[in-house]
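The order below is the order in which I looked things up.

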There are 2 protein chains.
Amino acid sequence: MQNIKVGLLGFGTIGTGVVRVFQQNHDLLANRLGASLELVRIADLDTTTDRGVKLAPGLLTDDARALLNDPEVQIVIELIGGYEPARTFVLEAIRNGKHIVTANKALLAMHGEEIFSAAEEAGVSVMFEAAVAGGVPVISAIKENLGANNYSALYGILNGTCNYILTEMDEKGKDFSDVLAEAQKQGYAEADPTFDVEGIDTAHKLALLLSLCFGTKVDFNDIYTEGISKVTAIDIEYARDFGYKLKLLAIGKRDGDKIEARVHPTMIPEDYPLAAINGVFNTVRLVGDFSGPVMLSGYGAGMDATASAVMGDVLSVARDLQTDCSARMPALGCPQSQLANYTIKPMEQVVTPYYLRFNVKDHPGVLASIAGILGKHEISIESMVQPHRHEAEAVPIVFMTHVAEERNVIAALAEINEMDVIQEETLLIRIEDHLE
Amino acid sequence: MQNIKVGLLGFGTIGTGVVRVFQQNHDLLANRLGASLELVRIADLDTTTDRGVKLAPGLLTDDARALLNDPEVQIVIELIGGYEPARTFVLEAIRNGKHIVTANKALLAMHGEEIFSAAEEAGVSVMFEAAVAGGVPVISAIKENLGANNYSALYGILNGTCNYILTEMDEKGKDFSDVLAEAQKQGYAEADPTFDVEGIDTAHKLALLLSLCFGTKVDFNDIYTEGISKVTAIDIEYARDFGYKLKLLAIGKRDGDKIEARVHPTMIPEDYPLAAINGVFNTVRLVGDFSGPVMLSGYGAGMDATASAVMGDVLSVARDLQTDCSARMPALGCPQSQLANYTIKPMEQVVTPYYLRFNVKDHPGVLASIAGILGKHEISIESMVQPHRHEAEAVPIVFMTHVAEERNVIAALAEINEMDVIQEETLLIRIEDHLE
């Protein structure tokens with residue numbers, strides 16, 4: 001029986017999950033592969049903490065190079081996270097002819113081109129199923145099974161922390177900051193939650209999905225990224241009244257040689273399957289010209305689900321090694337040379353319906369003035385609600401618009417925000433009511 | 001650029017879809033593969049019908065052997081359907097060293113072992129993503145991405161016709177036979193709907209999923225198979241009253257070296273994601289020990305979605321050919337020699353809650369008698385409803401039971417059906433209220 005040897009860089013939570021898969025499902029993996037899969041080395045600076053798994057003596061080292069230069073190791077699992085030293089180690093492993101399996105979306109969103117090109121040159125694979133939507137096999141679905149499709153759009157709920165917070169706000173009517181504090185206490189949110197709640201993590205994942213679906217390079221910095229920290233329980237309540245759910249959505253659409261790429265709080269009709277994805281679950285909806293919409297859902301994070309995705313990639317590379325085919329699958333599903341250079345459509349050209357919540361001193365005529373300015377900017381109103389009338393006190397007025405161009409909305413809001421009666425900055429939430 | 005050559009056996013609806021993918025996405029496929037993918041021959045007995053696609057002269061032949069013996073053809077797509085001549089042709093293609101892509105669940109459920117073993121011997125691949133859940137990439141998810149998991153259970157809505165009928169019955173309160181007649185008129189159901197509505201098609205698909213998930217041979221004939229033709233609009237209404245939806249579910253569970261394998265109308269809690277899958281959509285819920293539950297949904301049938309799955313397999317084999325790895329992925333995800341021989345648990349040992357609808361002449365004491373017999377057989381009642389009281393007329397009495405062993409339920413019903421007051425055979429519907 002062939003013996004395939006694996007090294008693990010980074011022995012944190014996910015790394016521990018990976019070790020558990022190797023141990024718990026050792027025989028099952030050998031049975032499926034018809035080959036033995038062995039974890040021969042683990043490198044982490046912390047060699048003393050008890051992670052609750054038993055390791056053979058000598059398996060764990062604090063010297064990453066001992067692993068990177070070990071000629072026995074055929075597959076390197078990178079679970080260090082972040083940009084450095086992950087980038088340096090991954091490039092070094094590639095130069096040493098080792099295949100890479102990683103869960104590091106930040107690294108690939110920022111340095112993907114460098115890493116994928118190096119891998120192509122060295123004839124090794126870079127697999128990263130675990131980088132997007134945790135245990136949900138979305139990347140290989142895009143590259144392989146749905147790979148004969150011309151994709152027109154993708155939609156994703158890609159950050160479990162945000163989805164958990166929005167679900168709690170929705171179900172319990174609580175405000176963002178309260179739910180965040182609780183989520184931090186329960187371990188669903190980091191001490192510094194910026195990456196998650198400001199949409200950056202979601203944008204990293206969207207960058208990868210865009211490249212995969214549309215076969216293009218993507219400049220991460222061009223992705224419009226807005227988090228959920230400005231959303232209030234009131235907005236979620238209004239959304240419900242209008243028949244919508246509020247989700248942090250990653251949206252990618254193809255429009256000729258331009259792509260739409262945006263991450264922001266989004267209202268979607270409450271009877272859409274995406275609207276039913278609650279708590280820490282992740283979902284991706286892919287739209288192909290032949291497949292139609294395909295939805296994939298499951299745990300988007302966590303030790304076990306992420307380890308499942310990592311080990312799926314390890315199995316895949318192991319099958320390549322067994323059958324002597326090197327670098328069978330390009331990292332982005334097509335050779336680097338074939339990647340297009342689509343540009344991301346500027347946000348001001350995006351066209352959607354909008355939810356606009358104005359906070360005004362409620363004088364007679366205010367509503368007419370706001371409506372007048374919206375009309376002047378070619379924004380037509382679908383419905384309006386002004387729930388509580390208390391003269392002289394700040395009250396919310398909510399407009400749901402028909403589709404409008406974002407540049408017009410921005411211009412109208414600039415004008416409206418200048419009005420004396422406006423008490424605080426207007427909140428704008430985009431609506432997607434015709435998901436492909 | 002390498003040129004990979006494909007032959008198509010069977011030029012019906014799905015075959016036409018496949019030709020359309022080849023034509024419409026020709027450049028895209030070449031771009032992704034870095035190789036050209038050419039459809040070099042189509043064989044079908046009917047060479048005259050206009051399928052609405054333009055073919056190069058000489059591409060279409062009525063001689064399957066001309067394709068099977070063409071040394072140029074590397075991949076054979078089998079879309080004839082049924083057992084023969086599909087089986088003979090597939091085995092012949094395998095002997096000729098050609099890789100197989102097929103959508104033929106009936107063939108594989110009945111003759112899978114023969115075909116997979118022949119392929120293994122010849123060193124070729126047999127791919128069949130399109131055989132289960134149409135365009136939804138469930139087979140490769142099981143074999144590849146989630147392949148490091150020990151699966152404990154799978155649940156599937158696998159037949160679009162049945163799900164369409166049940167959805168219409170639910171939404172419009174119509175009875176089975178009326179909806180079926182309409183579905184036939186609209187092309188959602190075959191003229192002879194037996195395979196679909198009696199659950200046989202679903203059982204074929206379950207047989208394949210069981211082999212894939214649990215790594216075992218499965219005797220198709222041992223799968224308990226019950227269709228939806230006995231379900232009435234009243235049962236769907238009662239289900240709703242109790243907080244359930246009625247679905248034709250394929251259920252597979254592992255219990256040591258036994259597996260549960262059953263297809264039958266099933267009540268599931270209405271707030272479960274599976275309950276929200278309506279119309280012709282298909283869904284599979286896979287439960288792995290590390291991944292947790294993963295749900296995959298999309299179109300389960302139709303020309304385009306099925307062609308998408310077929311072409312995904314073609315792409316996969318093309319990548320193998322490009323990198324010179326033959327038969328990289330065993331048909332069932334592990335070598336044939338590693339397959340276990342788990343037996344299917346006899347239905348009488350299955351333990352679930354039950355919905356029991358009795359039709360009785362409503363005399364005082366009937367309810368007590370029925371409840372007494374149930375109690376004698378160790379079946380405890382969770383709730384009961386007897387909606388319309390009309391003395392001397394047949395009325396339904398519905399019991400929802402706690403979990404009970406099916407042998408006890410069968411024994412109790414045999415006894416109850418002997419009672420004079422019973423007007424027609426009692427309807428039993430199984431409940432799944434703790435989906436893993």
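I began with the domains: chain A is divided into domain 1 (3-134 + 303-331), domain 2 (138-300 + 342-346) and domain 3 (348-431). The bounds come from an automatic or database domain assignment.

On conventions, I noted that residues are numbered from 1 along each chain as its sequence is written, with chains lettered from A and ligands numbered from 1 in the order in which they are written. The model is predicted, and local features need pLDDT of at least 70, side-chain atom pairs count only at pLDDT 80 or more, and totals for chains, interfaces and linings use all residues.

**Domain 2 against domain 3**

I looked up the C-alpha centres of domain 2 and domain 3 of chain A and found them 25 Å apart. In contact there are 14 residues of domain 2 of chain A and 12 residues of domain 3 of chain A (contact: C-beta atoms, placed from the backbone, within 7 Å). On the domain 2 side, helix H11 (233-241) and strand S10 (258-269) of chain A are the elements that give two or more residues. Helices (H or I, at least four residues) and strands (E, at least two) are DSSP runs, numbered from the N terminus. S10(A) gives the most to this side, with six residues. I sorted the residues of the domain 2 side into seven nonpolar, two polar and five charged. Nonpolar here covers Ala, Val, Leu, Ile, Met, Phe, Trp, Tyr, Cys and Pro, charged covers Asp, Glu, Lys and Arg, and the others, Gly among them, count as polar.

**Strand S1**

I next checked strand S1 (residues 3-9) of chain A: five of its seven residues are buried, so the strand is largely enclosed by the rest of the structure. Buried means 20 or more other C-beta atoms within 10 Å of the residue's own, with C-beta atoms placed from the backbone. S1(A) pairs in the parallel sense with strand S2 (residues 36-43) of chain A over seven bridges (pairing: at least two DSSP bridges). Asn3(A) stands opposite Ser36(A) in S2(A). S1(A) also runs parallel to strand S4 (residues 75-78) of chain A, joined by four bridges, and Leu8(A) stands opposite Ile77(A) in S4(A).

**Helix H7**

Last, I looked at helix H7 (residues 160-172) of chain A, where 10 of the 13 residues are buried. Among the buried residues are Cys162(A), Tyr164(A) and Glu168(A). The cover includes strand S7 (151-157), helix H8 (176-185) and H11 of chain A. After H7(A) comes Gly173(A), with a positive phi near 65°.

Note on methods. Contact = placed C-beta atoms within 7 Å. Buried ≥ 20, exposed ≤ 12 C-beta atoms within 10 Å, placed from the backbone.
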